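Visitor: I would like to learn how to read a structure like this one. Please show it to me, and I will ask about one feature at a time.

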Amino acid sequence: MSGIPMERPLLGEDEAAALSALAARVRELAEATVLTAVGTAEAAAVAAEIEALTARLAAGRRDAPPFVPSGERRMDRQIGNPVTGALNPLAPPVELTVGSDGIVRGEFTLSTVYEGPPSYVHGGVSAMVLDQVLGMAAAASGTPGMTATLETRYRRPTPLGVPLSVEAKASRVEGRKVYASGTICGPDGRVTVEATAMFIMPQRFVPHS
Ligand SMILES: CCCCCCCCCCCCCCCC(=O)SCCNC(=O)CCNC(=O)[C@H](O)C(C)(C)COP(=O)(O)OP(=O)(O)OC[C@H]1O[C@@H](n2cnc3c(N)ncnc32)[C@H](O)[C@@H]1OP(=O)(O)O
């Protein structure tokens, strides 16, 4: 049982745009923090200002990240998602589209905050992106589910700071189980990471169960 409530407020367009702009500035702040070379006194002064800004935002704190309305496409309502969520400063964010062919596609660039080995993307970050994209491909097949298994194969290092592409597709559905596969490719089109996964729709979400 999660400590975060399932019920969510829905953001209007203006509020979603304003909070997304805020998250974009915080993303820049995170990268500036990792890369800054200002001295210790300046770092301490900035930390104090950020503490005050955090207190201003927390003055209107919600119990859980809000959703945005998304009509039929319930999979893109989680604006606080750590991969795709414009509202989440930890998300790159990866913008995804679902094609009529069932393939989920996206383009994204990862900054140095996602570094694993020097100058390359952390393997856990690649796995997180693929989990999301394969999960959306499973949902696009009509059977959304929770990740039961996720296998990643790291073919070559994934570079930071250059455009990457990701895509995934559901391969088969067996009852509540959906199998999907996908890749991340570098700017040269070569695959850097491959993944396969199996998602299971929890029994409690099965319609009319
Ligand atoms: C509708 C839900 C919301 C979705 C909204 C969609 C939003 C739009 C897309 C967004 C995309 C997000 C992408 C990120 C998705 C995460 O990150 S999900 C978070 C990570 N995953 C988890 O935390 C899952 C934790 N595990 C669980 O909750 C439960 O174990 C599961 C996976 C739901 C299965 O529970 P269950 O339905 O009670 O399973 P159960 O009836 O015991 O078993 C059913 C069958 O599955 C097999 N099985 C069960 N678990 C496993 C396993 N881990 N490995 C292999 N086989 C297994 C059983 O052996 C059984 O097989 P058969 O006997 O039928 O052959």
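**Reading the model**

Guide: We start at one residue: proline 93 sits in the loop between helix 2 and strand 1. Helices (H or I, at least four residues) and strands (E, at least two) are DSSP runs, numbered from the N terminus. This is a predicted model, in which local features need pLDDT of at least 70, side-chain atom pairs count only at pLDDT 80 or more, and totals for chains, interfaces and linings use all residues. Residues are numbered from 1 along each chain as its sequence is written, and side-chain values use heavy atoms, with hydrogens and water left out.

Visitor: What is the peptide bond from proline 92 to proline 93, cis or trans?

Guide: Most residues other than glycine have a negative phi, and most peptide bonds are trans. Here the bond from proline 92 to proline 93 is cis, and its omega is near -20 degrees. Serine 119 is not a glycine, yet it has a positive phi of about 80 degrees. Serine 119 belongs to the loop between strand 2 and helix 3.

Visitor: Is serine 119 buried or exposed, or in between?

Guide: Buried means under 20% relative accessible area, exposed over 50%, and partly exposed in between (1.4 Å probe, protein chains only). Serine 119 has a relative accessible area of 41%, so it is partly exposed. Threonine 54, in helix 2 (residues 40–58), is also partly exposed because its relative accessible area is 48%. Cysteine 185, which lies in strand 5, has a value of 12% and therefore counts as buried. Of the 209 residues of the protein chain, 30% count as buried.

Visitor: How many helices and strands does the protein chain have?

Guide: There are three helices and six strands in the protein chain. Along the sequence their pattern is α-α-β-β-α-β-β-β-β. The C-alpha trace spans about 60 × 40 × 30 Å along its principal axes.

Visitor: Which domains does the domain assignment give?

Guide: Domain bounds come from an automatic or database domain assignment. For this protein chain the assignment gives domain 1 (1–68) and domain 2 (94–205). Between the C-alpha centres of domain 1 and domain 2 there are 26 Å.

Visitor: Now the strands. How many bridges join strand 4 to strand 5?

Guide: Two strands pair if DSSP finds at least two bridges between them. Strand 4 (residues 164–174) and strand 5 (residues 177–185) run antiparallel and are joined by nine bridges.

Visitor: How many residues surround the ligand?

Guide: A residue is near a molecule or strand if one of its heavy atoms lies within 4 Å of it. Around the ligand there are 17 residues, and the closest are Thr147, Ala148, Arg176, Lys177 and Ile200. Helix 3 (123–140), strand 3 (146–154) and strand 6 (191–200) each supply at least two residues of this shell.

Visitor: How many residues of the shell are nonpolar, polar and charged?

Guide: Ala, Val, Leu, Ile, Met, Phe, Trp, Tyr, Cys and Pro count as nonpolar, Asp, Glu, Lys and Arg as charged, and the others, Gly among them, as polar. The shell has nine nonpolar, five polar and three charged residues.

Visitor: Which atom of threonine 147 lies 3.0 Å from a nitrogen atom of the ligand?

Guide: A backbone N or O atom of threonine 147 lies at that distance. A polar side-chain atom of lysine 177 lies 3.1 Å from an oxygen atom of the ligand, and one of aspartate 131 lies 3.2 Å from an oxygen atom of the ligand.

Technical notes
A polar contact is a pair of N or O atoms within 3.5 Å; within protein, one must be able to donate a hydrogen and the other to accept it, and residues adjacent in sequence count only if both atoms are side-chain atoms.
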